Amino acid sequence: MEELANLFHGFAVALQPFNIMVMILGIVLGVIIGVLPGLGGANGVAILLPLTFSMSPTSAIIMLSCIYWGALFGGAITSILFNIPGEPWSVATTFDGYPMAQQGKAGEALTAAFTSSFVGALFAVIMITLVAPLVASFALQFGPAEKFAVYFLAFCSFVGLSKEPPFKTIAAMMMGFALAAVGLDSITGQLRLTFGITELLNGFDFLIAVIGLFGIGEILLTMEEGLAFRGGNAKIDLRVVLKTWKELPSYWMTSLRSCLIGCWMGITPAGATPASFMSYGIAKRVAKRGNNFGKGEIEGVVAPETAAHAAGTSALLPMLSLGVPGSPTAAVLLGGLLIWGLQPGPMLFVEQKEFVWGLIASMYLGNLAGFSSCSPACRSLRPSCACPSASSRH
Amino acid sequence: MTTNGPGAAGPMHKTVETGVTLMIALFGVIVIVGSVKAGINWGAEGPRAGFFPFYVGIAIVAASAVNLWNALREHDKGLFAEWGQLRQVLSVVVPTAIYVGAMPFTGLYLASMIFIAWFMRWLGKYNWLMVAAVAIGMPVITYLIFERWFLVPLPKGPVEEWLGL
């Protein structure tokens, strides 16, 4: 029960006025980022990472993780209303969410999405609270060979879980290693792979790779697809919300199953996107109304959203306790930790208790804040999405 | 991902795959050459700096060889993209590349003004007043936020030097 004591101490840290303000700011920014396609959770966090250099690491990670939750919530909004997934993990939400919106049930779909996201994330956070210290104390016994084995497992599962042919994944991974090796070798103090170019002395910055891969790539993808914002209308009023809430508990089996899938996918280096697809696929096969998926089944919104949020949240577990990121956004957060001088891994739980438990406490609060601010915010987000993007003027 | 219309023309998927694989293999060769320069044998205190990058480079070249083999054997005659689609994407990539390439010489702010103005006018077709307001306003705001508030220096060029900023 030492964890509970730590958790309450974490709440005390998270409930400081500055941290609360930063939490709300993060959620708002995150929802905006999630709603705007082209800016996703990973690159939103990456772009805003330098802004946090002036804050203390605890406040910084609270803001960044709240941006992450906001993006998780926001991605569902455009998926359902516009059939444009704001995030890769909201693609599966479009399968049933958009048909529901077209049938005039957008309010139900949004409520179902937010509620199941909240449930999924809460499940994952509770799991982190209970399991993280165990994993961390176990990982304290790790020596160099064990750490190598963990990373080797992570990279092998990238190859195994990826849809691409394995040798393409291997080539890409090795390119990443090669780029990371450029610059000053920290062990021997020698320069390698710089070819005499002074700018390469410090190697390639992690942020550059993230913004180049996620940011520019998504912008180009958006250009290629020629965005036109023709949105569905959503009327979220209290009656719709309450009606949907009454209906949702009947899908508790789907919810639970998706939570478990999400947690597993989050902990292993898979992330929220594979989790949402896997959960949708399994729900389609197992659910009673499985053949109706794709035509506007509310269960088809519950399954991927729960899994995606559970995965997104539990991806922080291996990041904090082992130093192995479980999802692309967790990888960016990991980079942030390193930049702030914190060494993720088991020692983080021992040396930086306030940071870790402040973060975990902020996950509870951030989720609650995101959930409670998203539903009313939906109504005002519609006008901002209605402005035509530049590419639709082509 | 993208669907091609009937009778569309463009670079074939096979060609692009082969080209990219060869470029990656070239990257791998560069990595190998660089790591040989850093030393790939065992030194006094352990592996020398180039030891691991050498094997990484070999893995890149080997994986590219397999990918090249698979790409050449592909029977799919599909297109990678139509020229029209490519033109759309390149219309973003080329100006961005010029923007980045010009930055060390002109500094961030001047390059950003030209870049934003170019996109707003050419792709967004906004009127000149809007273009001027945003293209000049954004870099100025960025300057104030980063240089004055956060005290984070961004790359500057001759114009800023002349203005004494």
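Buried residues make up 20% of the 165 residues in chain B. A residue is buried if 20 or more other C-beta atoms lie within 10 Å of its own, exposed if 12 or fewer, and partly exposed in between, with C-beta atoms placed from the backbone. The model is predicted: local features need pLDDT of at least 70, side-chain atom pairs count only at pLDDT 80 or more, and totals for chains, interfaces and linings use all residues. Residues are numbered from 1 along each chain as its sequence is written, while chains are lettered from A and ligands numbered from 1 in the order in which they are written.

Chain B has six helices and zero strands. Its pattern along the sequence is α-α-α-α-α-α. Helices (H or I, at least four residues) and strands (E, at least two) are DSSP runs, numbered from the N terminus. Contacts were also examined by sequence separation. Two residues are in contact if their C-beta atoms, placed from the backbone, lie within 7 Å. Among contacts in chain B between residues at least 6 apart in sequence, 60% join residues at least 24 apart.

Helix H4 of chain B covers residues 108–122. H4(B) has 15 residues and reaches 21 Å from its first C-alpha to its last. That is close to the 21 Å expected at 1.5 Å a residue; the expected span is 1.5 Å times one less than the number of residues. The buried residues in H4(B) are B:Leu108, B:Tyr109, B:Ala111, B:Ser112, B:Met113, B:Phe115 and B:Met120. They pack against H3, helix H5 (128–149) and helix H6 (158–163) of chain B.

B:Val16 lies in helix H1 of chain B. It counts as partly exposed because it has 15 C-beta neighbours inside 10 Å. Not counting residues up to four places away in sequence, B:Val16 touches B:Pro11 and B:Phe80. The C-alpha atoms of B:Val16 and B:Ala71 are separated by 9.3 Å, with the two residues 55 apart along the chain.

Between the chains, 31 residues of chain B are in contact with 24 residues of chain A. On the side of chain B that touches chain A, the elements giving two or more residues are helix H1 (13–38), helix H2 (51–72) and helix H3 (83–106) of chain B. The largest share, eleven residues, comes from H2(B). By class, this side of chain B has 18 nonpolar, eleven polar and two charged residues. Ala, Val, Leu, Ile, Met, Phe, Trp, Tyr, Cys and Pro count as nonpolar, Asp, Glu, Lys and Arg as charged, and the others, Gly among them, as polar.

H2(B) meets helix H8 (residues 166–181) of chain A, their axes coming within 9 Å and crossing at roughly 150°. H8(A) is therefore roughly antiparallel to H2(B). Axes are lines fitted to C-alpha atoms, for helices over the stretch in contact, and angles run from 0 to 180 degrees between N-to-C directions. Angles under 35 degrees count as roughly parallel, over 145 as roughly antiparallel, 65 to 115 as roughly perpendicular and the rest as oblique. Residues making the contact include A:Phe167, A:Met174 and A:Phe177 of H8(A) and B:Phe52, B:Val56 and B:Ile60 of H2(B). The contact has 15 nonpolar, three polar and one charged residues.

Within chain A, helix H5 (residues 91–102) and helix H13 (residues 299–314) pack at an angle of about 150°, with their axes 8 Å apart. H5(A) and H13(A) are therefore roughly antiparallel to each other.
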